[in-house]
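Notebook open, model loaded. I am going through side-chain pairs today and jotting down what I look up.

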Amino acid sequence: MQAHDDPWQRPQAELWDEQAAATYDTPGSGAFAPEILEPMVATLADLAEGGRALEMAVGTGRVAIPLREAGVDVVGIELSPAMVARLRTKVGEDELPVTIGSMVDTRVEGEFSLVYLVFNTIGNLYTQDEQVRCFQNAAAHLRPGGRFVLELWVPRPQPAGASHAQVFTAGQGYLGVDVLDVSTQRGVSHHVRFGTDGSAHVGFSPFRYVWPGEMDLMARLAGLELEHRWADFTRAPFTSASTSHVSVYRLPG
């Protein structure tokens, strides 16, 4: 395998290139489905309590644009210029300002009532150190009493001796498979999209998975306290059977 074929050697901005940006939006379906977006936007708006919001990894504006339309003043941080270019076809810089940079250390002027990072995106940081620094960066943007909200899947590694490949989605025209390495807490998502002509396009995205308890410790290191943990943005109870969680951390004050 050549170095440029190794998913861990490719910069995130290269993974989220023009092709990824052009195919990211799926209006009305998938992550863009109303049943996904509407409770997310409503809950985030409630948690903002009338204050400003900062979205880390704002992408093409999937969440930030409807949140802004709900009356919240939103700004963003985004690593990929290609994703921001896609966002700019929908909304201007004066309406939704975005700073190009990493969620690990990029600072935006001012204080915020809400910082949020959704759709498993903290996993795009490949090391625990980077993830801890992301928590610290979020806390540095919050006003006293402000909240940091993360949405993340719950890791379910296979038993010892079993295959570590997990199918996470199998639907019409799409197959998603995660391959996990429990020794490093790293994985690669393989995305197979099937064309109507019988063709198949395979893409991948590497990630580092994080346990809920590990996230709580990261939050404590950043001076944050766990306020809520739900199964999803409908605020359903989080249980041992939950496959995802929405964790709300608060900066005391």
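This is a predicted model: local features need pLDDT of at least 70, side-chain atom pairs count only at pLDDT 80 or more; totals for chains, interfaces and linings use all residues.

Looked up Arg-250 to start. Its relative accessible area is 26%, so I log Arg-250 as partly exposed (buried is under 20%, exposed is over 50%, and partly exposed is in between, with a 1.4 Å probe and protein chains only). Glu-227 comes out partly exposed as well, at 28%. The two side chains meet in a salt bridge, 3.0 Å from N to O. I use that term for a side-chain nitrogen of Lys or Arg within 4 Å of a carboxyl oxygen of Asp or Glu.

Residues are numbered from 1 along each chain as its sequence is written, and side-chain values use heavy atoms, with hydrogens and water left out.

Next I checked where the pair sits. My helices (H or I, at least four residues) and strands (E, at least two) are DSSP runs, numbered from the N terminus. Who else joins in? The network of salt bridges links Glu-49, Arg-143, Arg-147, Glu-227 and Arg-250. I get twelve salt bridges in the count.

Arg-229 bridges to Asp-216, with the closest N and O atoms 2.6 Å apart. Arg-229 has 18% relative accessibility and counts as buried.

Arg-133 and Asp-129 form a salt bridge with their closest N and O atoms 4.0 Å apart. Both residues lie in helix α6 (residues 128–141), four residues apart, which is about one turn of the helix. Arg-133 is partly exposed at 34%, and Asp-129 is partly exposed at 48%.

On to the rings. How many aromatic pairs are there? I count five aromatic pairs. The rule takes rings of Phe, Tyr and Trp (its six-membered ring) with centres within 6.5 Å; planes under 30 degrees apart are stacked, over 60 edge-to-face, and the rest tilted. Phe-135 and Phe-148 have ring centres 5.2 Å apart and planes at 85°, so I log them as edge-to-face. Phe-135 is in α6 and Phe-148 in strand β5 (residues 142–153), so the pair ties together parts 13 residues apart in sequence. Both Phe-135 and Phe-148 are buried.

Trp-153 and Phe-207 are edge-to-face too, at 5.9 Å centre to centre and 85° between the planes. Trp-153 is in β5 and Phe-207 in strand β9 (residues 200–208), 54 residues apart. I find both Trp-153 and Phe-207 buried. Ring pairs join Trp-153, Phe-207, Tyr-209 and Trp-211 into a cluster.

Is Glu-151 buried or exposed? Glu-151, in strand β5, is buried yet has no salt bridge. Its nearest side chain of opposite charge is Arg-62, 4.7 Å away (Lys and Arg count as positive and Asp and Glu as negative; His and the chain ends are not counted). I list its contacts (heavy atoms within 4.5 Å) leaving aside neighbours within four places in sequence; among them are Met-40, Phe-119, Phe-233 and His-245.

I followed Arg-62 as well. The charged end of Arg-62 sits over the ring of Phe-119, 4.9 Å from its centre. That call needs NZ of Lys or CZ of Arg within 6 Å of the ring centre and within 35 degrees of the ring normal.

Last entry is helix α3 (residues 34–48). I read 15 residues and 21 Å from first C-alpha to last, close to the 21 Å expected; the expected span is 1.5 Å times one less than the number of residues. The buried residues of α3 include Leu-37, Met-40, Val-41 and Leu-44. Their cover includes β5, β10 and β11. After α3 comes Glu-49, with a positive phi near 50°.
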